[in-house]
Structures are given as C-alpha cells and as structure tokens.
Amino acid sequence: MKKTLFLNPPGYEGFDGGAGARYQARREVRSFWFPTWLAQAAAMVPGSRLVDAPPDGLTVEQVAPMARDYELAILHTSTPSFPNDARFAARLKEENPKLQIGMVGAHVGVLPLQSMNGAPAVDWVSTGEFETVCGEIAAGKPLSQVAGIAYRDNGQVRVTVARPPIEDLDSLPFVVDVYKRDLTIEHYFNGYLKHPYVSLYVGRGCRSKCTFCLWPQTIGGHRYRVRSADSVEAEMSLAKKYFPQVKEFFFDDDTLTDDLPRTEEIARRMSKLGLTWSCNAKPNVPRRTLEILKDNGLRLLLVGYESGNQQVLNNIKKGTRLDIARQFAKDTRELGIKVHGTFILGMPGETPETIQQTIKYACEVEPETIQISLAAPYPGTELYRQAQDNGWLQIQTGDLVDTHGIQVAALNYPTLSSTQLFHSVEQFYRQFYFRPRKMFSLFGGMVRDPEVMRRRLREGVEFFRFLYEHKRTAPAPTQPAGSSQPAAGAGD
C-alpha cells in the first residue's frame with residue numbers, strides 16, 4: 001500500500017465547502033459537516049490518514065508540509081473550492097515532487113478534462129464513486145487499469161472506462177472507525193443539531209428529480225441504494241461505544257424517508273440502542289410514520305421546503321405539494337418533532353412576488369430554524385443546463401462564492417436581477433426571525449436550558465456578523481437579464 005493522505009484542504013475562514021458539505025459556502029453560524037465521503041474512501045486504505053483542515057482550523061502552512069511523509073494525497077474538491085484546491089495541490093507538489101495527487105468529488109466527476117487542465121499538479125481525478133478507485137490506486141494498480149478516472153499519460157489526459165456504482169453497500173467498511181482514528185468530533189458544529197453530533201450515510205442516491213440537487217445527478221444517482229438494517233445497527237452500536245459524549249446522530253442520506261418501512265425499522269433499531277437521531281426528509285411523510293419515528297428516538301427532520309409557490313416547485317421537479325407540506329408541518333408540531341427548514345431563492349419562475357409568498361409560507365409552516373440559500377447552478381445539474389441555454393448565468397463556473405466564501409447570486413432573470421436575489425436572503429431572515437412570536441419561542445428555549453442559552457448567544461453573534469458581512473459584500477445593482485441594459489457578465 002502507498003502511504004496515503006486524504007485531505008479536505010484549507011479554505012476560506014468558516015467555509016465548509018469540501019468533503020461532505022452540501023451547502024458549499026460560509027454559513028450563517030459556524031457549521032461543519034463530517035467528511036463522510038472522504039472517510040469512506042480512507043477506510044478502504046489501511047494505514048491511511050484523513051485530515052479535515054477547515055474544522056480543525058489548519059492553515060496551508062500547517063498542512064502542506066505533511067506531503068513530505070506520503071506517497072499519495074487524495075483531495076476532496078467542490079465547484080466553489082476548486083481554484084483554491086488546485087493551488088493547494090501545486091503547493092503539495094512543491095513540498096514533495098514525487099507525491100502522486102488525486103482529486104475526488106462531484107466537480108471533477110462532471111468536468112474531468114477541465115479539472116485536469118485547471119489543476120496541473122493533479123495526476124488523476126475520479127469520474128464517479130471513488131472508494132474503490134482510491135483503494136486500487138493506493139494498492140499500486142496502474143492508472144491505465146483503474147476504471148472510473150481521468151489521468152495523465154506522457155502529457156496527455158486519458159479517461160478510463162466508467163466504473164459501475166457500488167451495489168453492496170454492506171461491503172464497505174464503517175466510517176466511524178476513521179472518525180475515531182482521525183477526527184475530533186467536538187470540532188463539528190451545526191446550528192440545528194445538538195452538540196456534539198455525528199453524521200453519516202446509510203444509503204446513497206435519491207429517487208427525486210429535483211433539478212438543482214447536485215449529488216443524485218452526479219455521484220449518487222436516482223436509485224436509492226441502501227445498507228441493511230443489520231449493518232446500520234452494527235455501525236451505530238460501534239458509534240455509541242466510540243463516542244459516548246455524542247448527543248445526536250444524523251443520517252445524511254438525501255432522503256432517508258424515501259423508503260418508509262426501512263426508515264421505521266432503522267428507528268426501532270436506534271431506539272433499542274437508546275440513541276437520539278435525526279435525518280433528511282421531504283415534507284410529505286405520513287403522520288403514522290412520523291409517530292413511529294418519534295416514539296423511537298427521532299428528534300429533528302431537515303426538510304427541503306424550497307419554495308412557497310407551487311409553480312416554482314413544479315418548475316424544479318420537487319415532487320411536493322404545498323397542501324401536503326402544510327399538513328406535514330401541522331403533524332410535526334403536534335408530535336413535538338423539531339424541523340429545520342431549508343429554502344432556496346432564485347429558482348426558475350422566481351419573481352419578487354413568489355419570494356414574498358415563500359417568506360409568508362415559511363412563517364406559516366413555522367420550522368424551528370431555517371436556512372436560506374441562493375439557487376446554485378452546479379455543473380452536472382439540470383439547473384446548470386437550463387441556465388446556460390437561457391442565458392441566466394451571471395457568473396463563471398467557479399464563482400459560486402465571493403472572496404469571503406459567501407454565496408453569490410449566480411442567476412439573473414428577466415423578472416428578477418441577481419442583486420434583488422442577493423438582498424432577498426437578508427430580508428427573508430429578518431422577516432422570519434424578527435417576529436415577536438419567533439423571538440419569544442427562541443427565548444423560551446434559552447430560559448429552559450442553560451446550554452441552549454450559551455449556544456444561542458454564540459450563534460446570535462455569528463448570525464448578526466453574517467448579516468453585516470452579507471450587506472457589506474452586496475454586489476453592485478444590475479438589470480434583470482433581457483432588459484434594455486443587461487447586467488455585465490450576464491449569460492457568460
């Protein structure tokens with residue numbers, strides 16, 4: 001085996017844009033997700049090491065010299081972080097010219113040739129699921145014989161045959177072994193999960209066809225491939241042993257509730273272990289299932305509401321209805337299940353009026369906490385193709401965040417400019433959180449629990465700092481695409 005270093009490279013301060021992060025930008029409060037994808041690959045390589053630089057606060061100067069001690073470095077990258085990661089790869093080569101460097105992740109999987117040209121120090125990139133790729137290369141298999149990569153060969157970039165997706169997920173080693181070996185779990189924060197928490201996947205893929213969602217359209221696929229309940233229980237039992245301090249476990253599958261009977265079975269296994277848990281879900285889980293989940297340790301659901309306008313939801317192929325989502329919200333409130341609601345502004349069909357409808361809708365369904373994102377056209381998604389075809393792109397491919405790591409408004413519509421979209425994020429947050437009812441609810445939770453009070457005070461400072469920086473970095477006014485004075489760069 002080659003001595004192998006797995007890396008989530010240093011990036012912007014507070015930027016969780018690498019391994020495992022779905023929201024690839026600086027967040028409103030300090031948040032870091034576990035690098036599950038990279039840890040899964042590291043588990044395939046005996047004697048490897050995983051370094052997750054952002055949550056550990058490691059700088060380039062601290063991480064780069066590690067290259068001297070390894071033969072192979074594997075970096076996880078994303079569209080926003082790719083230019084930074086390419087520069088970091090070059091720095092690793094300066095430290096150790098003999099080091100072989102690979103890159104993995106959705107960005108290089110979708111754009112392998114462009115990525116190889118944009119990162120001259122990188123020797124190969126994965127074009128799909130990469131655990132087995134990493135294992136074979138670490139074992140010394142010639143690159144020309146490794147399926148599912150693009151690699152350099154005497155100055156030429158060659159692409160090998162595609163690698164089929166992994167069907168037997170139970171055959172993969174547990175990620176919690178790598179978490180225990182290499183990570184400090186207390187460094188991972190999330191505004192809506194108890195601290196400390198641990199997140200991991202128990203399945204891959206999503207049956208939904210949402211046009212904006214990156215992973216199902218690139219790495220995961222639209223079939224929901226799952227681990228058996230026995231495998232899940234075995235790893236969670238081990239996680240409980242490794243991390244007795246953890247207060248909550250999060251299943252980060254795209255939509256765990258795609259398979260209701262399996263979700264109910266996993267819930268019963270979690271209850272048997274005495275664990276508190278949460279997961280991603282659509283706002284369409286029937287009340288009977290919600291009751292079973294709640295009775296077996298479920299605390300919170302992360303729910304993608306996205307929009308309060310049905311036509312916008314239809315445009316993005318969300319597959320949810322507002323009336324069913326309202327009933328779901330009512331059921332979760334009555335059952336005492338917390339909800340973190342996510343919303344996206346700037347999807348096709350968005351107007352100033354639909355934004356106001358979504359803000360009103362968010363106040364109506366009343367999740368405990370919310371996250372507001374701007375529509376991000378990642379390469380490989382249907383949204384990206386639509387944006388290219390219709391001239392909506394306001395930016396270049398790699399410019400989804402600014403120099404501070406804050407998400408930019410990437411799209412510019414005839415009915416809605418990128419500047420209007422950017423400012424609507426702050427407006428949404430203020431109108432949702434600065435209501436007497438919501439402020440009283442949050443204050444009540446702080447009074448009842450001193451730990452919650454300490455955490456909310458810290459998060460409050462971070463939130464107001466985010467709003468300040470968001471306003472400070474606001475773009476110059478632009479005209480909507482298609483107007484008599486088009487915005488500079490629109491359609492690039």
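A cavity is, on a 1 Å grid over the protein atoms alone, a set of points where a 1.4 Å probe fits but cannot get out, and its lining residues have an atom within 4 Å of a point. Grid points are joined across faces, edges and corners, and a volume is the space filled by probe spheres set on the points. The model is predicted: local features need pLDDT of at least 70, side-chain atom pairs count only at pLDDT 80 or more, and totals for chains, interfaces and linings use all residues. Residues are numbered from 1 along each chain as its sequence is written, and side-chain values use heavy atoms, with hydrogens and water left out.

**Overall composition**

The protein has 19 helices and 15 strands; helices (H or I, at least four residues) and strands (E, at least two) are DSSP runs, numbered from the N terminus. Of its 492 residues, 60% are buried. Buried means under 20% relative accessible area, exposed over 50%, and partly exposed in between, with a 1.4 Å probe and protein chains only. The structure holds zero disulfides, a disulfide being a pair of cysteine sulfur atoms within 2.5 Å.

**Cavities**

Six cavities of 30 Å³ or more are present. The second largest cavity contains about 160 Å³ of space. Its lining has 16 residues, and Gln 40, Leu 172, Tyr 201, Arg 204 and Arg 227 lie nearest the centre. At least two lining residues come from each of helix H1 (36-42), strand S9 (203-204) and helix H10 (229-242); H1 gives the largest share, three residues.

**Nonpolar cores**

A nonpolar core is a set of buried Ala, Val, Leu, Ile, Met, Phe, Trp, Tyr and Cys residues joined through side-chain atoms within 4.5 Å. The largest one has 115 residues, of which Trp 124, Tyr 179, Phe 251 and Tyr 305 touch the most other members. Helix H17 (residues 418-433) gives the most to this core, with seven residues. Apart from it lies another core of 26 residues, including Ala 73 and Met 116.

Because seven of the eight residues of helix H7 (residues 131-138) are buried, H7 is largely enclosed by the rest of the structure. Glu 131 and Glu 136 are among those buried residues. After H7 comes Gly 140, whose phi is positive, near 95°.

Asn 84 is located in helix H4 (residues 82-95). Leaving aside neighbours within four places in sequence, Asn 84 is in contact with Pro 10 and Gly 11, where contact means heavy atoms within 4.5 Å.

**Backbone features**

Most residues other than glycine have a negative phi, and most peptide bonds are trans. Asn 154 has a positive phi of about 55° although it is not a glycine, and Asn 154 belongs to the loop between strand S6 (149-153) and strand S7 (156-159). Glu 306, also not a glycine, has a positive phi near 70° and is part of strand S13 (residues 298-306). A cis peptide bond, with omega about -5°, joins His 195 and Pro 196; Pro 196 sits in the loop between helix H8 (176-182) and strand S8 (197-200).

The table gives the accessibility of selected residues.

| Residue | Relative accessibility | Class |
|---|---|---|
| Cys 279 | 0% | buried |
| Glu 306 | 6% | buried |
| Cys 363 | 17% | buried |
| Asn 84 | 22% | partly exposed |
| Asn 154 | 78% | exposed |

Note on methods: On a 1 Å grid over the protein atoms alone, a cavity is a set of points where a 1.4 Å probe fits but cannot get out, and a pocket is an open set with protein on both sides within 12 Å along at least five of seven lines; lining residues have an atom within 4 Å of a point.
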